[in-house]
Amino acid sequence: MKKILFTIVALVGIVCISSCDDTETYAEQRDRENSAISQFLRDSSITVINETQFREQNYTTNLENNEFVLMQNTGVYMQIVRKGAGSPIQNGETTTVLCRFTERNLLTDSIQLTNEIPAFASIPEKMNVTNTNGTFSASFDASSSLMNTFYGSTSVPSGWLVPLNYINLSRHTVDDAIAKVRLIVPSTQGHQYASSGVYPCYYSITYEKGR
């Protein structure tokens, strides 16, 4: 396990260093990031819909058309694979949410981090989430967080919280009852390494209510 952790930490460091050229201005880095997102949308044959169409479709995305909705306020692209069983997090509620995820750096087209491998099968990402009038805040549980281990922060990327207004959570363990989304998260909505390195990430994430 320690060898696996060391290897992944080393890879993350290399990726983050290589993703940021000190000779580039921030505007140039953002242009490069936007180009990477546009290229990914083309290469993946993604159909982008707006929030009006998303609302008219009862807050769903058509998987056959490979639809992602662009959330204008955040720049996050979201595809709801499964809305999940149970109910949304209610206003004023604080709860634990368990996530399994894979994170891909779109600049390098490489997986940076995942807990969807046998070595980490028993370690879902645990978030403590609060809903305040539809605005979500959250932090990772430092004692069992890969994100905290590799990125040195318990802050949950803002992009991870975008789906919480549109999915249901339950304590079911059956895979098809667990909410699942795919996200394209720009650096402004990502973790601190993505923010400082100005690179976008593509995520596949499941959300399940903790026990």
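**Entry 1: glutamate 33**

I started with glutamate 33, which sits in helix 2 (residues 26-43); helices here are DSSP runs of H or I of at least four residues, strands are E runs of at least two, and both are numbered from the N terminus. I was working on a predicted model, where local features need pLDDT of at least 70, side-chain atom pairs count only at pLDDT 80 or more, and totals for chains, interfaces and linings use all residues. Residues are numbered from 1 along each chain as its sequence is written, and side-chain values use heavy atoms, with hydrogens and water left out.

Is glutamate 33 buried or exposed? I found it buried, with a relative accessible area of 0%; buried means under 20%, exposed over 50%, and partly exposed in between, with a 1.4 Å probe and protein chains only. Then I looked up its contacts (heavy atoms within 4.5 Å). Setting aside neighbours within four places in sequence, glutamate 33 touches Pro186, Ser187, Val198, Tyr199 and Pro200.

**Entry 2: the largest pocket**

Next I turned to open space. On a 1 Å grid over the protein atoms alone, a pocket is an open set of points with protein on both sides within 12 Å along at least five of seven lines, a cavity is a set where a 1.4 Å probe fits but cannot get out, and lining residues have an atom within 4 Å of a point. Points are joined across faces, edges and corners, and a volume is the space filled by probe spheres set on them.

The largest pocket holds about 280 Å³. Its lining has 14 residues, with Thr74, Ser158, Leu161, Val162 and Asn165 closest to the centre. I noted that strand 7 (135-140) and helix 5 (158-161) each give at least two lining residues. By class I read five nonpolar, eight polar and one charged; Ala, Val, Leu, Ile, Met, Phe, Trp, Tyr, Cys and Pro count as nonpolar, Asp, Glu, Lys and Arg as charged, and the others, Gly among them, as polar.

**Entry 3: the second largest pocket**

Here I found about 210 Å³. Of 12 lining residues, Arg100, Asp175, Ile178, Thr206 and Glu208 lie nearest the centre. Which strand gives the largest share of this lining? Strand 4 does, with three residues; strand 4 (94-105) and strand 9 (201-209) each supply at least two. The classes are four nonpolar, two polar and six charged.

**Entry 4: the cavity**

The largest cavity has a volume of about 40 Å³. Phe140, Met147, Tyr151, Ser153, Ser155, His191 and Gln192 line it, and I logged three nonpolar, four polar and no charged residues.
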